[in-house]
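Please open the structure in your viewer, with the sequence beside it, and follow the stops below in order.

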Amino acid sequence: SLSINEYLLFIFLCHSFFLFGLFLTRSCFLTTAPYAMRISCGARQNIRTPPTYTRWYKDFAYTGGIPANATAPSRITPPLKTLRYFPLSEGPENCYLINRVPKGHYSVRIFFGLVEHEIDNEPLFEVSVEGTIIHSLKSGWSKNDEQVFAEALVFLLDGSVSICFHSTGRGDPTIISIEILQIDEKAYYFGPEWGRGVILKTTSRLTCGTSKPKFDEDYSGDHWGGDRFWYPIRTFGKNADAPRSTESGIKKASTVPNFYPEALYQSAVVSTDSKPDLAYTMDVDPNTNYSIWLHFAEIDATITGAGKRVFDVLINGGTVFENVDVVGMSGDRYTALVLNTTVALSGRTLTITLHPKKGNHAILTAIEVFQVIVAESKTSPEEVRALQALKKSLGLPNRFGWNGDPCVPKEHPWSGADCHFDKSGGKWFIDGLGLGNQGLRGSLPNEISKLHHLQSINLSGNSIHGAIPSSLGTVTSLETLDLSYNFLNGSIPESLGKLTALRRLNLNGNSLSGRVPSALGGRLLNGASFNFTDNHGLCGIPGLPKCGPHLSAGAKVGIAFAVFLSLVLLVICSICWWKRRQNILRAQQIAAASRSAAYAKARTQSSHDIQMSRNPSRGRTASENGPSLLS
């Protein structure tokens with residue numbers, strides 16, 4: 001059988017081969033820079049910030065809310081001058097929806113802020129990414145560097161990301177910046193439970209032996225690492241440890257898939273003779289799984305080789321790594337070593353202890369702690385689009401919100417929408433709408449029929465006008481439909497008669513007309529409860545006026561078409577008669593003018609003849625009158 005040291009060495013070699021394979025993969029496929037989107041919330045133009053001149057994009061067309069001048073609560077907050085806040089009047093949920101995000105693995109980070117001149121008004125709210133709660137702000141967050149932002153590692157697979165802020169009634173959510181930074185597909189792989197259905201929320205990330213907070217960018221780290229923030233912890237307690245540092249290069253640091261910056265491993269803490277155990281305690285949420293990453297590099301000049309420093313690692317008193325020999329397991333001094341374990345914690349504290357076994361002292365470079373969160377299943381996209389169309393068509397008040405996902409987070413579902421989870425399909429769907437007496441206006445869109453799983457609709461007591469969509473007849477699961485006391489007009493669609501599950505139908509108090517579909521009337525004999533009263537134009541069932549000759553919709557269309565053709569023919573005939581009449585009148589005028597001309601000519605000739613008879617000499621020829629005096 002293998003000894004403990006041989007077993008640990010075997011595990012380390014397997015891990016090294018795995019990393020080497022990932023390195024070759026990245027060399028072939030990840031030659032381009034990772035996707036990076038940084039938004040300066042409330043900004044009207046793109047800006048760059050010192051000292052690294054990081055580019056921040058303007059905040060345009062991503063969300064609602066109100067831009068304002070910002071007060072940065074921490075020295076690590078990006079030096080941005082604006083923020084965006086979301087008053088409760090705009091709804092309890094408000095979201096940034098960012099499109100055209102390539103599919104991949106991402107670090108999503110949100111920095112919180114305070115509205116200028118309101119630094120004492122510290123808002124408390126919750127943050128979700130893709131429908132999963134990743135952070136709840138606690139009182140005093142603005143005075144703690146590790147709490148002024150939330151960060152999570154998440155897979156984004158549908159070309160977009162939704163980041164939502166959920167009001168808890170204690171101040172308006174205020175956001176300074178949002179960062180979406182692509183990381184390696186296998187980053188922070190921690191075992192079989194890791195995958196696309198898991199989110200890692202950053203709980204704590206510590207760099208030991210230094211007093212300067214730094215980002216990966218400050219360490220000149222690889223961009224595929226995601227620009228992590230490292231909170232400094234120079235000592236774990238008085239006389240508990242001593243800092244160590246070096247300027248020597250560190251081997252095996254910036255490697256796939258996590259790409260830790262080399263400079264991270266150039267400082268560390270070492271336990272002391274008075275307190276040989278090196279221990280760190282932090283607060284955690286109970287009944288939760290945590291993924292813990294421990295970083296080491298032997299930079300102490302007094303340790304010259306393998307076997308000189310050996311220690312155990314304990315989590316809440318239980319040994320998770322035994323006989324850790326940093327030099328032996330990493331292969332050399334000044335060489336990075338990373339150990340990872342995932343533990344289930346029932347209490348509210350996490351204590352990491354390094355217990356020396358050889359060399360009397362333990363060494364520690366850095367700690368990362370992530371809360372393991374199972375990602376929420378989302379609502380069917382088709383039903384989300386249908387609800388958005390309903391929101392727009394009915395003019396849903398801002399106080400409803402209706403942003404993000406209707407059903408998740410489960411702690412913040414949309415008001416007025418009832419959700420049900422389909423275990424077989426792994427999706428949420430909408431099975432009820434309860435929006436009675438909410439001052440809704442507008443009309444019912446055809447898209448409401450896309451809510452295929454609806455069992456109940458209550459839109460009574462509003463000011464909805466227009467016709468009832470015939471497409472409602474395709475929602476075969478519908479059991480209750482209450483559209484009473486609105487301003488609906490037109491006829492009741494025949495398709496409603498096909499809803500065999502419908503047991504309650506209230507259409508009273510509208511302006512509907514025409515014959516009630518016979519299929520609905522027959523349903524009354526089977527115990528269904530239908531109410532058609534206060535619609536002066538309805539007829540055809542007991543309790544309503546009798547109908548005259550009933551025409552089908554097709555017949556009505558035919559008659560309307562015939563009337564239209566008749567009108568067209570009448571207009572054409574009128575035009576033809578008018579033109580013919582004009583032609584006759586014109587001909588008569590021409591004839592009258594001709595007769596007048598002939599009469600005038602005749603009278604002229606007669607007058608001439610009379611004059612000739614009275615003066616015969618005028619009728620003689622030249623020869624008869626004698627020679628002309630002019631010749």
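Is Q182 buried or exposed? Q182 counts as buried, because its relative accessibility is 14% and buried means under 20% relative accessible area, exposed over 50%, and partly exposed in between, with a 1.4 Å probe and protein chains only. Before you go on, note that this is a predicted model, in which local features need pLDDT of at least 70 and side-chain atom pairs count only at pLDDT 80 or more, while totals for chains, interfaces and linings use all residues. Residues are numbered from 1 along each chain as its sequence is written, and side-chain values use heavy atoms, with hydrogens and water left out.

**Around Q182**

Select Q182 and you will find it in strand β13, residues 174–183; helices (H or I, at least four residues) and strands (E, at least two) are DSSP runs, numbered from the N terminus. Now show its contacts, where contact means heavy atoms within 4.5 Å: leaving aside residues up to four places away in sequence, Q182 touches P34, Y35, K103, H105, Y106, H223 and W224.

Next select residues 198–208, which make up strand β14; 10 of its 11 residues are buried, so the strand is largely enclosed by the rest of the structure. Strands of a sheet pair through backbone hydrogen bonds, either parallel or antiparallel, and here two strands pair if DSSP finds at least two bridges between them. With β11 (residues 149–156), β14 pairs in the antiparallel sense over two bridges, and the bridge partner of A152 in β14 is K201.

**An open sheet**

Move on to an open sheet of four strands, which has the order β19-β24-β21-β22 with antiparallel pairing. Its edge strands are β19 (278–283) and β22 (318–324), each of which pairs on one side only. Within this sheet, select β21 (residues 310–315), which four bridges join to β22, and find V313, whose bridge partner in β22 is F321.

**The disulfides**

How many disulfides does the structure hold? There are three, each being a pair of cysteine sulfur atoms within 2.5 Å.

- Select C95 and C164, whose sulfur atoms are 2.0 Å apart. The pair links distant parts of the chain, with C95 in strand β6 (residues 93–99) and C164 in strand β12 (residues 160–170), 69 residues apart. The torsion about their S-S bond is about 105°, so this disulfide is right-handed, and both cysteines are buried.
- Select C407 and C419, whose sulfur atoms are 2.1 Å apart. Here the torsion is about -90°, so the disulfide is left-handed; C407 is buried, with a relative accessible area of 3%, whereas C419 is partly exposed at 25%.
- Select C539 and C547, whose sulfur atoms are 1.8 Å apart. This link is right-handed, with 110° about the S-S bond; C539 counts as buried at 12% relative accessibility, and C547 as partly exposed at 24%.

**A last pair of cysteines**

C576 itself counts as partly exposed, because its relative accessibility is 47%.
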